[in-house]
Amino acid sequence: MSNAQKLLIFSLPNVLTYARILAVPLIVLCFFTKGELASSDTARWVALFIFALASVTDFLDGYLARRWQQISNIGRMLDPIADKLLVSVVLLLLVGLDTIVDWSLWAAVIILCREILVSGLREYLAALKVSVPVSQVAKWKTAIQMIAIGFLLAGEAGDKVLPYTSQIGLTLLWISAIVTIYTGWDYFRAGMRHVIEDPKDGAA
């Protein structure tokens, strides 16, 4: 590994990505202050603050890497992993806190399934050296998803400041889930033409 490559590992864009990964356990810890999963107004506001900062890094790391020409292999690898860790873990946390319940669980399931399926497709296509660019609709999906999770993290604490905060979060979560279905299908439609199945091969 050259000195330039070593420096890129600790470039600001990559440090922001590392920070986003670190934010995941910190958000969970906000609700484990007494050794068990429990909600409080303070925990929700602190968790929301950390999540908001982490969401900002999602935009900044890619923007700065391109602007400063500091794109690295480790950054390309960790950036989508950090995004999926943040979204997946916080959604599971919100389910555990009974913020996402009943039919809204399906919205969370749709989002989580899409993340796993698209990740698998991207990994397969990467082995074929095929790149599937992120569409503009997918970027809007991510923005709606992050805003929804922010409202849901505020939850009961947010309801005391802005009425219907939780309901707004659940509505946005469903909108995100619907857009997620569309973008997921869009990715598979673009990627499936590169998937060639040899009839001689048996099922995996």
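How many salt bridges does a search of the whole structure find? The search finds seven, a salt bridge being a side-chain nitrogen of Lys or Arg within 4 Å of a carboxyl oxygen of Asp or Glu. This is a predicted model, in which local features need pLDDT of at least 70 and side-chain atom pairs count only at pLDDT 80 or more, while totals for chains, interfaces and linings use all residues. Residues are numbered from 1 along each chain as its sequence is written, and side-chain values use heavy atoms, with hydrogens and water left out.

**View 1. Confidence across the protein.** The mean pLDDT is 83, where pLDDT is the predictor's confidence in each residue, from 0 to 100. Of the residues, 86% reach 70 or more. Confidence is lowest in helix 1 (residues 3-9), with a mean of 58. It is highest in helix 6, at 91. Helices are DSSP runs (H or I, at least four residues), numbered from the N terminus.

**View 2. The salt bridge between Asp79 and Arg20.** The closest N and O atoms of Asp79 and Arg20 are 2.6 Å apart. The pair links distant parts of the chain: Asp79 belongs to helix 4 and Arg20 to helix 2, 59 residues apart. Arg20 counts as buried because its relative accessibility is 0%. Asp79, at 22%, is partly exposed. Buried means under 20% relative accessible area, exposed over 50%, and partly exposed in between (1.4 Å probe, protein chains only).

**View 3. Salt bridges at Glu115.** Glu115 pairs with Lys84, their closest N and O atoms being 3.5 Å apart. This pair also links distant parts of the chain, with Glu115 in helix 5 and Lys84 in helix 4, 31 residues apart. Lys84 is partly exposed, at 22% relative accessible area. Glu115 also meets Arg114 in a salt bridge (3.9 Å, N to O). Both Arg114 and Glu115 are buried. Elsewhere, salt bridges that share partners join Arg20, Asp58, Asp79 and Asp83 into one network.

View 4. Helix 2 (residues 12-29) has 18 residues. Its first and last C-alpha atoms are 26 Å apart, close to the 26 Å expected at 1.5 Å a residue. The expected span is 1.5 Å times one less than the number of residues. The helix bends by about 25 degrees at Ala23, and Pro25 follows within four residues. The bend is the angle between axes fitted to the seven residues ending at a residue and the seven starting there. Buried residues of helix 2 include Pro13, Leu16, Ala23 and Ile27.

**View 5. Packing of helix 3.** The 27 residues of helix 3 (residues 41-67) should span 39 Å, and the end C-alpha atoms are 39 Å apart, which agrees. Among its buried residues are Ile50, Phe51, Asp58 and Leu64. The buried residues of helix 3 pack against helix 2, helix 4 and helix 6. Contact means heavy atoms within 4.5 Å. Gln69 follows the helix with a positive phi, near 55 degrees.

**View 6. Two loop residues with positive phi.** Most residues other than glycine have a negative phi. Asp98 has a phi near 60 degrees. Asp98 sits in the loop between helix 4 (73-96) and helix 5 (104-127). Tyr164 has a phi of about 70 degrees. Its loop lies between helix 6 (136-159) and helix 7 (165-192). Asp98 is exposed, at 58% relative accessibility, and Tyr164 is exposed at 59%.
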